[in-house]
Amino acid sequence: MEFSELIRTGRAQAQLLRGPEAPPLRGTLCVTGHHLLLSPGPQSTPDLWLLLLRNVDSIEKRVAGDSGTITLRCKDLRVLQLEIEGVEATLDIARSIEALSSLESVITSFPFFYRPKGLRLGDAWHFHPPERYYKRVARETDAWRLSEVNEDFSLCPSYPRAVIVPRAVDDDALARSARFRQGGRFPVLSYSHSPSGTVLLRSSQPLTGPQKRRCAEDEELLRAVLAGARPGARGFILDTRSAQAAKQARMTGGGTEAKAAYPGWKRLHRPLERGRPLQESFVRLVEACGDPEQSMDRWLSRLEGCRWLAHVKEALSTACLAAQAMEREGACILVHGAEGTDSTLLVTSLAQLILDPMSRTMAGFQELIEREWIQAGHPFQLRCAHSAFSHARPKHEAPTFLLFLDCVWQLGRQFPLSLEFGEGLLLALFEHAYASPFGTFLCNSEKERCLCEVRTRTHSLWSGLNQPKEQRKLQNPLYVLNPLAIWPSVEPQSLRLWQGLFLRWTHPPEPAEVAWEKVWQIVTGKEETEASQPTASA
Amino acid sequence: MEHIRTTKVEQVKLLDRFSTNNKSLTGTLYLTATHLLFIDSHQKETWILHHHIASVEKLALTTAGCPLVIQCKNFRIVHFIVPRERDCHDIYNSLLQLSKQAKYEDLYAFSYNPKQNDSERLQGWQLIDLAEEYKRMGVPNSHWQLSDANREYKAAICRCSQPLSGFSARCLEDEHLLQAISKANPVNRYMYVIDTRPKHRMQSWWATQKDIGRIIVRISSKIWNDEKIRESDEKKRLNAMANRAAGKGYENEDNYSNIRFQFVGIENIHVMRSSLQKLLEVSGTKGLSVNDFYSGLESSGWLRHIKAVMDAAIFLAKAIMVENASVLVHCSDGWDRTSQVCSLGSLLLDSYYRTIKGFMVLIEKDWISFGHKFSERCGHLDGDPKEVSPVFTQFLECVWHLTEQFPQAFEFNEEFLLQIHEHIHSCQFGNFLGNCQKEREELKLKEKTYSLWPFLLEDQKKYLNPLYSSKSQRFTVLEPNTVSFNFKFWRNMYHQFDRTLHPRQSVFNIIMNMNEQNKQLQKDIQDLESKIKQRKNKQTDGVLTKELLHSVCPESPTLKTSLCFKEQTLLPVNDALRTIEGSSPADNRYSEYAEEFSKPEPAVVSLEYGVARMTC
């Protein structure tokens, strides 16, 4: 398919309004296969304004007289207005944008064409998180092995090729366990907490069904986990659904682990919101944030009504519960909900962030996201197909990853010195998850990424972010290694709306940025004076 | 002393306020003449000043003992369990007596002795001199005798109480005075009159008063234009009018030329008091859910009131900045809402008030000297509880919101605001005692008590904002944004003693440390460089004497000490990181879920902890 078929009018004169703070831009508007360009006339500044069409979430057109207005609502929550000369041109451009921004095909998407200067294809794709992580685990315990049973993705389409499993369980047993779990997601190691000798596992729900089926291999697998951990360790199965919902899942073939079948394991239910209610919560919050004129009471009641912060609190406290059980009770934890690709990952990744100082470094956090979200099969393409502005009927969209980022931001606010990365990285991850020139967040699973040859044909986001020029935006100048677990407060008084994200465009936090610049100055100033001291004394 | 029966109770439990599983510390409770002191088994001390106590409550007896709940004006809430009821009763009675004094002379300030002699004390009181301040503002000048003017804009902020106009009363002198004010501004002949009360309230009051007829007229004696009204011949006429028409009112625009009239809608002290009460009820709830918190925050209306005060101050600042118009601000009495609006407006307009010293001057000028009734509003003495209101707390909260929006514009930090708030209630210093200047002079506060400001200035380091940039021209006039998103619950005020709710690491401290190290290192560099220069000079002179060699030697110790200094200052920072306060799962509410871990069940696998047993 050619993009040119979809582009009805390539060019028009237009003026771009970018909100109250930025000055309007006037120039020639141009629609290309992946971008919307606005190049100002020769008389004004030469810089080009560029918008990735994939970023457009919803589009609204209005014509009056012989000109038209297009309102673009972007996935990164920006709202832009284009005033275009000519009614025909307006309608054509609107239609082109509509068609181009909703292309489904992955291999025609921009990352496959993006070739930035200074980056080589294949850079930073050397991340093989399970393998790398296994090396770390193997240094501490030999109870685990790296299994390539999923080499051809036949066992579980949403797992990576290699997974970490108990040494005592062979590949055949894994295959049988996979058949007993939804989507083939059998229990695998997510994190090994060496100080207490316990582990964090994740899986999907067991397919017990109404007949309460059992699977000997699956039971054996979990028994082996306890045997491999600290002697006398207990296990907790943390179900991210309510007990009621878990029971109901039996009618559709799912269910929960029967108590009697898994000795040493105890089930806990911590219901976390997922799917459509979460998406609706996100939409309502963004709606509330879009109205600066509303009264204080209205704002507070909308903030309450959207329930977003309640979800943040639930996610954080569930993760804390898991982390606490590992650190204080010396227990092993298995987390699953239904599919094991959403709230499960939210809990396991947050628990690691709380417990593991490594994952709070810049490199460690990137690895955590790669391992616990991308490779672990969070369906980014489905979940991030639309953001909060879309009028399309929501299908599989859910801001689970955004909820994770928000929780991380809350952690960073409560422990401003313990995360090596700053708000900048979280914002960048949010943007790139929804629309990106890089290939990292493409597709729904490792299997799909292999089919599309994402690794060889697109650039990795990490190589883009890890360029030296980007670092200052992403790093936390105040970072000091903190070897302890970080236990956040989950009281509502301690949680705050993430203004930097939800009010980023309506309400630029300029003074705050200036203040951070000052912090950078103080920090670098200190380093410089320290560095210059020996020379002065020499 | 006669109120204290029991001075020491052992085995007292201090309950954690937000824990639902009754986690507690055991220790000893001491009662002194001024403080209640609790020392727990880790030797950690909790001091509670009697004057800070807002209420003491004895709850029903439990098996563990007799619970005693103490609420403080600085938002500390402690929950003791005293093993014996008699002890509890004694302490309860003593605290009731000690926390509510009947006479000013019994307040702490009159016995507090920081070991200063009389001249030091006097110096402390002279630290903030309002005459100096008026000089700084450039008054009196040809236009102004003594008032509150802004030197740059030629426009002025004035204040007064409400006019006693009733339905139709007029006062020619008042009209002339207002004209004089507006004429004193050569740039803009128009002036604004801001009535800080909500318009609908004034009008509905008006409607009811028509029937009721007479109420007592209160005339504020401290405010200059009222003095004039009193002295004038109009007084009789006015009083008659007031008696007929119940007095209160607002200026009739027709009677005053060149005046634009504006209501800004700040609620009265009673609304504010109950609003804060609701807020504290909500935020003090155990096991609070996010939704309950926000719906409680909304229904308390607290943030709405804060926004109203801010909006009024912004209106005032804009009138002066943009239109160059003089402004007269009043409410009913002219010492609550008027003080809030005038002081905040000044803070927006004049960067001097955003320094530590300047903020003290501002409080002295717009609050203390203009007769904000601190003693009544803070309930220093056992008095009418209906006169208590968090007017000054609101002002501090507005300032805090400004510091959040303009992190570089203020020389002081949050801690400074909290400290001031602490002391308006503490009665430890004389500044905030009494209800007006007259009362303060009668009490001879300057001879009998100490001023707070020198003590704050001495500790200045603690209150400095490391991000403050005095040079930045961008912050000469602050233009805060008051969209609703910008108003947040001030956790560090209302939960300042609930450490578990706080961020675990303080950015301020670490930046402050770095800044200091920076300065020290730069000083070291300068020292060393100048020494190198000296040496070079001497070398070129060719005088390489023994003396020089000696002078080189002491150089290394300085270097060493500077390096030591570096390590020393770095160490506490790292230590602080290692013991992050409150950062333990046990201190947080999610730990309660963990009880599920330890539910006893028939066992096969027993645990080394021996707490929990499990089924298989």
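I take contact to mean heavy atoms within 4.5 Å. Helices (H or I, at least four residues) and strands (E, at least two) are DSSP runs, numbered from the N terminus. Axes are lines fitted to C-alpha atoms, for helices over the stretch in contact, and angles run from 0 to 180 degrees between N-to-C directions.

The model is predicted: local features need pLDDT of at least 70, side-chain atom pairs count only at pLDDT 80 or more, and totals for chains, interfaces and linings use all residues. Residues are numbered from 1 along each chain as its sequence is written, and side-chain values use heavy atoms, with hydrogens and water left out.

**Sheet, chain A.** I looked up helix 10 (residues 343-355) of chain A first. This helix lies across strands 10, 11, 12 (235-239) and 14 of chain A, at about 155 degrees to strand 11. Next I traced the sheet. Its 5 strands form an open, mixed sheet in the order 10-11-14-12-13; two strands pair if DSSP finds at least two bridges between them. Strand 10 (188-193) and strand 13 (265-269) of chain A each have a single partner strand, so one side of each lacks a neighbour in the sheet. The twist averages 20 degrees from one strand to the next.

I then checked one pair. Strand 11 (residues 198-202) and strand 14 (residues 332-336) of chain A run parallel, joined by 3 bridges. L200(A) stands opposite I333(A).

**Confidence.** I noted an ipTM of 0.88 and a pTM of 0.84 for the complex. Chain B has a mean pLDDT (the predictor's confidence in each residue, from 0 to 100) of 72, with 66% of its residues at 70 or more. Helix 14 (residues 391-405) of chain B is highest at 93, and strand 12 (residues 605-606) of chain B lowest at a mean of 30.

Definitions and conventions:
Chains lettered and ligands numbered in written order.
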